[in-house]
Amino acid sequence: MEISNEEKQRQAQDEKALTGVEHKKKSWVKRRWTWLILLGVLLVIVGIVSGIMRSGSGTRPGGDGAVSRTASDHSPGSEIILYVEGRSSVMVAVDEQTLDELINAISTRGDEAQTLIKSGRVFTVPNKTRARIIEANFAKLKVRIIEGNKIMSEAWVPERWVR
């Protein structure tokens with residue numbers, strides 16, 4: 001059973017034709033996997049960028065889009081909350097020197113704090129009042145009250161009274 005030259009040529013052509021189809025099929029599969037991998041990488045990059053944008057954007061969780069920084073930042077422009085544990089109000093001073101006097105008055109537990117309040121050099125705001133930092137000195141912050149009866153008032157507070 002000898003195979004003629006024509007038949008050998010036909011078989012060779014059939015093998016080439018099959019190889020071409022298989023090659024196209026394999027090539028398409030490779031391209032599909034390449035595109036799927038690229039799509040996956042793109043999705044990961046988009047996820048990372050959106051995560052960074054959300055965490056670093058400074059927008060408040062309330063969703064109004066107003067820009068603020070976190071309370072632990074304590075740099076000018078940061079939004080903070082005035083807070084003294086166990087108190088219903090927080091005393092704030094109108095200037096840096098009065099803040100020093102207020103801290104001394106509180107530490108001596110005398111009536112000097114009430115005298116400062118009566119003189120108008122110290123005023124009180126409700127505990128957990130929101131404010132924005134204007135200036136930061138060592139352990140002292142100048143803030144602008146951004147809610148409540150004293151809105152837009154500027155005052156000095158110890159850094160320990162904010163969160």
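Contact here means heavy atoms within 4.5 Å. Keep that in mind for what follows.

This is a predicted model: local features need pLDDT of at least 70, side-chain atom pairs count only at pLDDT 80 or more, and totals for chains, interfaces and linings use all residues. Residues are numbered from 1 along each chain as its sequence is written, and side-chain values use heavy atoms, without hydrogens or water.

Contacts first. Take those in the protein chain between residues at least 6 apart in sequence: 53% join residues at least 24 apart.

Now the layout. The protein chain has 3 helices and 6 strands. Both are DSSP runs, numbered from the N terminus: helices are H or I, at least four residues, and strands are E, at least two. The order along the sequence is α-β-β-α-α-β-β-β-β.

Next, burial. The chain has 163 residues, and 21% of them count as buried. Buried is under 20% relative accessible area, exposed is over 50%, and partly exposed lies in between, with a 1.4 Å probe and protein chains only.

Look at Leu43. Leu43 sits in helix H1, residues 5–56. Leu43 is exposed, at 57% relative accessible area.

Then the helix pair. H2 (residues 96–108) and H3 (residues 112–119) pack at an angle of about 145°, axes 8 Å apart. Axes are lines fitted to C-alpha atoms, for helices over the stretch in contact, and angles run from 0 to 180 degrees between N-to-C directions. H2 brings Thr98, Glu101, Leu102, Ala105 and Thr108; H3 brings Glu112, Ala113 and Leu116.
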